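User: I would like to go through this structure with you. Could you take my questions one at a time?

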Amino acid sequence: MEQRHLGRTGLRVTRLGLGTLTWARDTDEQEAADQLKVFWEAGGSLVDTADIYADGGAEYLLGRLTEELVPREDLVIATKAGSVLEADRRVDGSRRHLLAALDASLERLGTDYVDLWQLHAFDPQTPLEETLQALDLAVTSGRSRYVGLANFSGWQLAKAGAWQLAAPGVRTRLASTQMEYSLLQRGIEREVLPAALDLGIGLLPSSPLGRGVLTGKYRHGTPADSRGASEHLAAFVAPYLDETASRVVEAVTTAADGLAVTPLQVALSWVRDRPGVTAPILGARTAQQLRAALSVETLSLPDEIRRALDDVSAPVHHYPDHDWSTL
């Protein structure tokens, strides 16, 4: 599998990553093992998890599998911290919480370092410089090799990235930002993606298949074994089952028919090759689904197909998102 540098750093990762959102909850140990083995045998390296996935269960499961199934040194393990399940607080970016969360993640993963440690979300109640200092401490203490962010808005990413670059050699450059990005969700193109490109921060798209909708499986209803029918994820899929999304899915399906490939391959190839993208994170339900996604490695969309998909899925951009002189 082809590799790319993660942002303006020396870290190289495969241009497709494996996500673990459902591990230890909807995905049992055997299925997770099958997925990891398929991914590794295909040459994949980047595996993304978080301390909040299955309340730590996904990290624990990944740790077991790297000990028993796949060599730790063959993987680029990325995890996240900062999300909390408290009644009055969803994010805790305090240095106290973050460093304690990192230590707990390392214990569950069965390793003394992660390759990439990411802040799961922006915390408006904690000074940003305090939050970012936790990232610096993670690197200087050897507990993480690189650091990044997730779910930061454009101004938040720009502020954080500029702060880190203001003291080279003292503060750690941000390597990545993980954001939802697909043909059904292009909101980051307004400000997040331009900020990432300017700062040399690599983009790791989550839900690159529009929460599964871009595979076309929901065109004629909700399959009983799909995430849309899952107790945990039905509400996650629902926003992309509207008429606007349906038009995009039909365009993807038409393109797939013309190229003699699947809608999944078309949608994934589109996002993988967007400017600034390092590696979409794949959240497969089964190893068979993962194999189908990994087959996109050999596909590059023709320019005319890419432009048609750009047009049908284009978000509405108004002032000041575009140069005022063009409006």
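User: Which residue in β5 is the bridge partner of L46?

Analyst: The partner of L46 in β5 is V76. This is a predicted model, so the pairing described here is that of the prediction.

User: How many bridges join β4 to β5, and in what sense do the strands run?

Analyst: Strand β4, residues 46–48, is joined to β5 by 3 bridges, and the two run parallel. Another facing pair between them is D48 and A78, the latter in β5.

User: Through which helix does the chain cross from β4 to β5?

Analyst: The chain passes through helix α2, residues 57–68, on the way from β4 to β5. This β-α-β crossover is right-handed.

User: What stands opposite A78 in β8?

Analyst: L116 of β8 is opposite A78. β5 and β8, the latter spanning residues 114–119, pair in the parallel sense over 4 bridges. A78 therefore faces D48 as well as L116, under the criterion that two strands pair if at least two bridges are found between them.

User: What about β8: how many of its residues are buried?

Analyst: β8 is mostly covered as well, with 6 of its 6 residues buried.

User: Over how many bridges does β8 pair with β9?

Analyst: β8 pairs with β9, residues 144–150, over 5 bridges in the parallel sense. Within that pairing, Q118 is opposite G148 of β9. The chain gets from β8 to β9 through helix α4, residues 128–140, in a right-handed β-α-β crossover.

User: Zooming out, what is the strand order of the sheet?

Analyst: The sheet is open and has 8 strands, in the order β11-β10-β9-β8-β5-β4-β3-β12, with parallel pairing. Its edge strands are β11 (202–206) and β12 (281–282), each of which pairs on one side only.

User: Back to helix α2. Is E59 buried or exposed?

Analyst: E59, which is placed in helix α2, counts as buried because its relative accessibility is 0%. Beyond its neighbours within four places in sequence, E59 is in contact with T49, A50, D51, T79, S105, R108 and L109.

User: Where does D55 sit, and what is its phi?

Analyst: D55 is in the loop between β4 and α2. Its phi is near 55 degrees, a positive value in a residue other than glycine. At 68% relative accessibility, D55 counts as exposed, the cut-off for that class being over 50%.

User: Which other residue has a positive phi, near 60 degrees?

Analyst: R211 has a phi near 60 degrees, and it too is a residue other than glycine. R211 lies in the loop between β11 and α7 (234–237). R211 counts as buried because its relative accessibility is 17%, and the class takes values under 20%.

User: Let us turn to S182. Where is it placed, and is it buried or exposed?

Analyst: S182 lies in the loop between β10 (174–180) and α6 (192–199). With a relative accessibility of 0%, S182 counts as buried.

User: How does the lining divide into nonpolar, polar and charged residues?

Analyst: The lining of the second largest pocket comprises 9 nonpolar, 4 polar and 4 charged residues.

Notes: Residues numbered from 1 in each chain as written. Predicted model: local features only at pLDDT ≥ 70, side-chain atom pairs only at ≥ 80, totals over all residues. Heavy atoms only, no water. Nonpolar A, V, L, I, M, F, W, Y, C, P; charged D, E, K, R; others polar. Right-handed = clockwise from strand over helix to strand, strands pointing away. Buried < 20%, exposed > 50% of the residue type's maximum accessible area, 1.4 Å probe, protein only. Contact = heavy atoms within 4.5 Å.
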